[in-house]
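Q: I would like to learn how to read a helix packing and the residues around it, and I would be glad if you took me through an example.

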Amino acid sequence: MKAWNLFYKQFITYGGYHSVLDGLLATVEIAVFGLLIGVVIGTLIAVVKVMQKNKLIIKILEKVCDCYVAFFRGTPMVVQLLIGYFVLVPALGISLDGIVVAIIIFGLNSGAYVSEIMRAGIQSVDQGQLEAGRAVGLPYSVAMMKIVIPQSVKNILPTLGNEFIVLIKETSIVSFIAVVDITKAFRSIGDANYEYIVPYLILAAIYLVIVLGITYLIKLLERRLKRNERSA
Amino acid sequence: MKEVLDGTPLISVRGLEKSFAGLKVLNGIDIDIKNGEIIAVIGPSGCGKSTFLRCLNCMEDPTGGSIFFDGEDIADVKVDINKHRENIGMVFQQFNLFNNKTVIDNITLAPIYCANKRLKAIKRKNFLTKLLRRPSEELILVDKDKKTIKAEAEAEARELLRFIGLEEKADAYPSTLSGGQKQRIAIARAIAMKPKVILFDEPTSALDPEMVGEVLDLMKKLADEKMTMVIVTHEMGFAREVADRILFINEGVIAEEGTPEEIFDDPKTERLKVFLSKVL
């Protein structure tokens with residue numbers, strides 16, 4: 001009971017909920033924008049990977065993509081954040097908010113993972129779909145955007161949802177670069193009295209609720225997209 | 001047989017070759033396809049007849065020879081192949097309707113895209129004319145916008161659906177259709193681009209026997225409208241009835257060609273005789 005009272009005082013009376021709400025917003029922002037950037041980058045890489053390798057430029061592009069994926073999958077995200085915030089940003093002589101750096105790094109990192117998911121998705125679509133698109137005179141890019149990628153997204157939606165869930169949870173490391181996310185906000189509340197039980201349990205519950213909510217939304221979306229698949 | 005067709009050839013194939021990873025599939029094919037002509041391509045499996053057809057719109061890039069269409073050698077990789085593919089329709093064995101689009105969107109997707117592309121090009125040209133104040137150039141009249149392009153394409157698509165007898169399926173998704181219906185819509189999709197020629201890659205091979213008829217009937221209707229067609233087929237009866245000329249391809253070359261009568265009633269080569277004895 002004492003633990004609860006301390007938490008209540010810190011959370012309500014001393015206004016701890018402000019930083020929790022701000023932190024929640026930061027968490028969601030980083031995950032959502034990170035995933036959006038990741039999907040764009042991942043799709044581009046995936047398309048390069050499934051292209052016919054008959055031109056030198058595409059071979060070079062593929063090597064660049066390979067290096068990119070190797071770096072972002074081969075190093076911990078914390079290290080990437082630290083390099084981004086404490087090395088690259090000062091080296092470039094620009095001033096960027098921690099949260100912007102976090103969004104960029106999360107986007108770049110998830111791009112590496114999404115590229116593999118996307119590639120599998122594109123390859124799961126029958127080659128004939130692309131051929132039919134090209135046969136009526138659509139350029140490669142248009143046939144991919146209008147025909148192949150919409151179908152592949154439907155196939156990989158569960159995996160993409162998984163990636164989003166991973167991103168949401170991994171945002172808890174952004175306090176390394178002085179961004180206040182929801183984890184950092186609750187830790188500060190605990191730090192005030194060295195009383196952690198209540199804040200951390202509530203923190204875990206909040207993550208759980210977010211993830212379950214997303215899972216539900218993905219299921220809904222999946223059902224909606226599968227509508228045109230019912231057979232006669 | 002139809003009267004003899006005249007005029008310059010629509011497609012001229014010269015010394016066409018195609019290899020896959022060192023394996024030579026086409027070994028020098030020469031042929032002229034005239035406007036309005038219907039050509040059936042027959043041959044044993046693996047002889048290269050589908051590859052030949054797929055080379056005609058560069059679905060497979062030829063590894064040698066030339067294909068002249070509309071005054072350009074489309075086998076040359078520098079040619080804008082998309083522009084020419086608008087004029088070369090293709091119908092696939094596996095239908096390949098766009099699964100994420102309704103029937104009507106399947107038919108209108110490419111016409112709308114191409115019309116919008118042309119509209120954009122005209123607008124860009126007009127803009128440059130105005131910007132640079134070129135007196136010699138006249139502004140091109142823009143009488144359409146995106147909305148009218150879409151409306152026109154949809155009206156035409158509905159007209160086509162009436163033509164193939166599937167008007168009521170306009171808003172259905174391909175997965176709800178039978179094989180025969182899918183193939184008829186795939187043919188409508190090809191016609192919607194108003195192509196100069198349509199290539200058929202074994203259009204009835206993936207169909208249940210009772211659905212073959214409806215697709216062949218539609219193709220006969222096209223033949224009556226003097227559509228130029230190149231048809232790879234195993235339907236010998238159909239080839240005999242509809243085609244003006246038959247190509248027998250064997251081991252990557254045209255082993256024999258002639259009118260249906262010449263091919264079916266009086267085969268010259270031993271290979272064709274053996275082939276016909278197996279399939280007839």
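This is a predicted model: local features need pLDDT of at least 70, side-chain atom pairs count only at pLDDT 80 or more; totals for chains, interfaces and linings use all residues.

A: Residues are numbered from 1 along each chain as its sequence is written, chains are lettered from A and ligands numbered from 1 in the order in which they are written, and side-chain values use heavy atoms, with hydrogens and water left out.

Q: How many helices and strands are there in chain A?

A: Helices (H or I, at least four residues) and strands (E, at least two) are DSSP runs, numbered from the N terminus. Chain A has nine helices and zero strands, and its C-alpha trace spans about 70 × 55 × 25 Å along the principal axes.

Q: At what angle do helix α2 and helix α7 of chain A pack?

A: Two packed helices are described by the angle between their axes and the distance between the axes. The axes are lines fitted to C-alpha atoms, for helices over the stretch in contact, and angles run from 0 to 180 degrees between N-to-C directions. Here α2 (residues 16-50) and α7 (residues 140-170) of chain A pack at about 135°, with their axes 10 Å apart. Angles under 35 degrees count as roughly parallel, over 145 as roughly antiparallel, 65 to 115 as roughly perpendicular and the rest as oblique, and α2(A) and α7(A) are therefore oblique to each other.

Q: Which residues make the contact of α2(A) with α7(A)?

A: Contact means heavy atoms within 4.5 Å. Among the residues involved are A:Gly34 and A:Leu35 of α2(A), and A:Glu163 and A:Leu167 of α7(A).

Q: Is A:Ser110 buried or exposed?

A: Buried means under 20% relative accessible area, exposed over 50%, and partly exposed in between (1.4 Å probe, protein chains only). A:Ser110, which lies in helix α5 (residues 98-124) of chain A, is buried, with a relative accessible area of 0%. Leaving aside residues up to four places away in sequence, A:Ser110 touches A:Gly34, A:Leu35, A:Gly38, A:Glu163 and A:Leu167.

Q: Where is A:Ala178 found?

A: A:Ala178 is in the loop between α7 and α8 (182-193) of chain A, where it is exposed, with a relative accessible area of 63%. Although A:Ala178 is not a glycine, it has a positive phi of about 65°.
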